Amino acid sequence: APSLPVSYVKAIEGLDIGKSIGSCGAAAFLKQPVIIDDISNDFRWASHRGVALKANLKACWSYPILDAQGEVMATFGIYYNQPKSPGDEEVAIIARATSLLSVILENRKISTSLKDTTELMNQSQQLAQFGNWAWDVKHDEVTWSDSLYNIYGIQKEGFKPSFESYLKILHKDDQERVSAGIGKVLSTKRDHQFEERIVRPDGEVRWLKSWSSPKVDEKGSVVELIGASIDFTEQRKVEQEL
């Protein structure tokens, strides 16, 4: 869980699962999604509420990842810094991501190298038109997943991603709005989701739905932004035609 505070991860490491052990513990125990939109008021977080709230975690949605035999391999947990319930579109995207993770983890059991697992993850992201990114704010270093390069239509070789190069990819009518949204994430330290248009090198315009989430150090300063984008251009075209 690279985006969670280290102190929180250490506090929950090795906990037994159970129907009242937080979102992930309950999801693993019940083998079904557990959506908790307000940690401060949910009985399932009674034993670890203080640790979560101290880490500024206010909501947690957890989905169990099952193998072919119906056994729990892992849980996919999503945390928010404010009380929050998922919308229909978020539920659909999370369900897709959970299915892909199930395939990845199932195959990982028989995978003999990290390279195999990485390739499978890249293939899954490409099939879902889904890519992720991370921005080390302090050192201004940006990393993109291979599938994000494909979404942007950019060759990975010889290209160094940065915040400035990302802004140049955006449609000119979206640059100011998206830049302001990212700035808001840095100032409020809260998650942000938005739609954006990108212009590929060949001039093609693609519609993306994107998310960004801040990673805060112990002093409360944002040290990293992590996020993801999903290409929903074909869906948008159908909506426009209708």
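Visitor: By class, which residues does the lining of the second largest pocket have?

Guide: Some ground rules come before that. This is a predicted model, where local features need pLDDT of at least 70, side-chain atom pairs count only at pLDDT 80 or more, and totals for chains, interfaces and linings use all residues. Residues are numbered from 1 along each chain as its sequence is written, and side-chain values use heavy atoms, with hydrogens and water left out.

Guide: A pocket is an open set of points on a 1 Å grid over the protein atoms alone, with protein on both sides within 12 Å along at least five of seven lines; lining residues have an atom within 4 Å of a point. Here the lining has five nonpolar, one polar and four charged residues. Nonpolar means Ala, Val, Leu, Ile, Met, Phe, Trp, Tyr, Cys and Pro; charged means Asp, Glu, Lys and Arg; the others, Gly among them, are polar.

Visitor: Which residues lie nearest the centre of the second largest pocket?

Guide: Ile-93, Arg-96, Ile-230, Phe-232 and Gln-235, out of ten lining residues. Helix 4 gives the most to this lining, four residues. Helices (H or I, at least four residues) and strands (E, at least two) are DSSP runs, numbered from the N terminus.

Visitor: What is the volume of the largest cavity?

Guide: A cavity is a set of grid points where a 1.4 Å probe fits but cannot get out. Points are joined across faces, edges and corners, and a volume is the space filled by probe spheres set on them. The largest cavity has about 160 Å³. Of its 13 lining residues, Trp-133, Val-142, Trp-144, Phe-163 and Tyr-166 are closest to its centre. By class, the lining has nine nonpolar, three polar and one charged residues.
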